[in-house]
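Open the model in your viewer and keep the selection tool ready. The tour goes stop by stop.

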Amino acid sequence: MSEAMTHRGSENMSDVYGTPVVSGMAYAPAVWVVRPSIPDGEELRVPEQERARELERYEESSAAVSRRLQERSERCTGTSAEVLQMSSVLAVDPGVRKEVAALIADGLPAVQAIIRATAHFVELFENGDATMAERVTDLRDVCARVVAELQGAPEPGVPNPPEPSILLADDLAPADTAGLDANRVIALATELGGPTSHTAIIARQLGIPCVVAARGLSRFCNGDMVLIDGSTGMLTRTANPADAHRLVEHDAQWRATVRSWKGPAQTTDGHRVELLVNVQDVRGAQRAAAGEAEGIGLLRTELGFLAAREEPSVAEQAAHYRPIFQAFSGRKVVIRTLDAGSDKPLAFANMGPEANPALGVRGLRIGLRYPQLLDHQLDAIAAVAREHQGETWVMAPLVSTLAEAEDFAVRVRARGLKAGIMVEVPSVAVLAEQFLRRVDFVSIGTNDLAQYVMAADRLSAPLAEYTDPWQPAVLALVARIAEAGQRIGTPVGVCGEAAADPFLCCVLVGMGVTSLSMAPTALPAVGAQLCAVSFAQCRLAAESVQGAHDPAHARVAARQALGI
């Protein structure tokens, strides 16, 4: 089926098309995630003498939910750990607690109070900016968990199917996605969500086929045998079983090739590509270090800050980074300075209400407002780098001006480290060569670059199609940056989710990108794909997308050029 149909829909009511996130084929029965129905029950009243105990019940239940989510986060790595930790904090949010306490004081039972309070905050968030609207799913999920705890019922979540199944949902809360068992849930599709949502990112970590923004998914029913193609975004329930099994078998053969792949990544005509990994904690780093990664291309540093009530000391930060560096001893580590703000607020550097946090004080802008934060973090990185048997590169997120790039480079180089910037803001792409001459390297964050180029919040489910990394405008800016890097000899990497796409990675290499950094689970597929094509084919694929008019057209053109 042509990928050109992906965003045009289909007359076949048994077929649904969405935005492909993780490639791969699966054929299995569908299992829907069903959220519990919680009645309001406003007519119930609690006698005044029992209201203090009712508040205690709520506090005990919310604390239990928070504790379980935190414990799960400690057993996970990477983005899974981060989103579970954020949900654990949301379960005991002071604002929600204050609202619940007031409702209980008026006589409402704890169950109805948390439901009413959640509805209030959902309305506020839905009427706010898109970043806050994305948290609505999280709010409702936490509410359901607290209600279940209050009622002594099992904690809600995704079903545990008895056989390998394809999970379908209108949307998935991060806490749901982070707990998926890839042996039971072999693929997933959501009607909402986008290619850079937490659901998509965690699906990449699990390595299971994933399609998001699949409008019309509700036509599928529990038990329907569904064929999902994660490379084209197609789901169908009318596939001939023999044909479906043959496609899955062919995909399984390719997956076997992927599992057996050993680096380095080199095209059939000898062009080398540096493959790196994105990590944020020691467990994730240790697992990734056992694979074929040549180093870390994005070491996220937020995890040590988000749960802190006050700024971690230089020594505390160094203690957090040191074992991660040690896991990659002798290999390159690219570390990103604090990228907080927006949907990742800091308790000790509160920006206050912002009309549009995605365009507000976040990334490097926090360091500019609180210079000691940036200096202390650079001191901690420098201390660990002196012990590291390998290169240490440091990059800043959300750089927008030449002055910011110059100032950051001075600070980093003064500590004996290589200085780079993230390319996320279109202004950097517009003045690509001027920016690249001021730093030692750049790394393109395609997630944010897409949201700013397309004026579509990356966390907004209704706008998922706009933030597809295959958008021609996004690809044009990536090509512009890569070409500037080639002209002046500045390394250009990609560390956004686009780097994890086995087909898009060939396009990026053809444009002149020198390194790709991705979730560790994505690296073998990317490496195997690069080793299966020539650099000449990559160049041809890069040229072919220049005339594309939409993401589906770009995908088709690139795959034809690659002979796939």
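Which residue just after α6 takes a positive phi? Select G152: its phi is about 70 degrees. Keep in mind throughout that this is a predicted model.

**Stop 1: helix α6**

Now select residues 136–151, which form helix α6. Check its length. At 1.5 Å a residue, the 16 residues should span 22 Å. The end C-alpha atoms are 23 Å apart, which agrees. Next, colour the helix by accessibility. α6 is mostly covered, with 12 of its 16 residues buried. Among the buried ones are V136, L139, V142, C143 and A144. The buried set also includes the charged-class residues D138, D141 and R145. Further along, V146, V147, A148 and L150 are buried too.

**Stop 2: helices α10 and α12**

Select residues 282–289 for α10 and 314–327 for α12. Two packed helices are described by the angle between their axes and the distance between the axes. Here the angle is about 5 degrees, and the axes lie 8 Å apart. Angles under 35 degrees count as roughly parallel, so α10 is roughly parallel to α12. Show side chains at the contact. α10 contributes V282, A285, Q286 and A289. From α12 come P323, I324 and A327. What classes of residue make this contact? There are 6 nonpolar residues, 1 polar residue and no charged ones.

**Stop 3: an aromatic pair**

Select W393 and F441 and display their rings. The count of aromatic pairs comes to 1. A pair of aromatic rings is described by the distance of the centres and the angle of the planes. For W393 and F441, the centres are 4.7 Å apart and the planes stand at 40 degrees, so the pair is tilted. Now show the strands. W393 sits in β13 (residues 392–396) and F441 in β15 (residues 441–444).

**Stop 4: F503**

Move to helix α20, residues 502–511, and pick F503. F503 has 12% relative accessibility, so it counts as buried. Which residues does F503 touch, not counting those up to four places away in sequence? Select S231, W470, Q529, R559, L562 and I564. Finish with a distance to L562. The C-alpha atoms of F503 and L562 are separated by 8.5 Å. Along the chain, F503 and L562 are 59 residues apart.

Terms used:
Residues are numbered from 1 along each chain as its sequence is written. This is a predicted model: local features need pLDDT of at least 70, side-chain atom pairs count only at pLDDT 80 or more; totals for chains, interfaces and linings use all residues. Side-chain values use heavy atoms; hydrogens and water are left out. Helices (H or I, at least four residues) and strands (E, at least two) are DSSP runs, numbered from the N terminus. Buried means under 20% relative accessible area, exposed over 50%, partly exposed in between (1.4 Å probe, protein chains only). Contact means heavy atoms within 4.5 Å. Axes are lines fitted to C-alpha atoms, for helices over the stretch in contact, and angles run from 0 to 180 degrees between N-to-C directions. Angles under 35 degrees count as roughly parallel, over 145 as roughly antiparallel, 65 to 115 as roughly perpendicular and the rest as oblique. The expected span of a helix is 1.5 Å times one less than its number of residues. Rings of Phe, Tyr and Trp (its six-membered ring) pair if their centres lie within 6.5 Å; planes under 30 degrees apart count as stacked, over 60 as edge-to-face and the rest as tilted.
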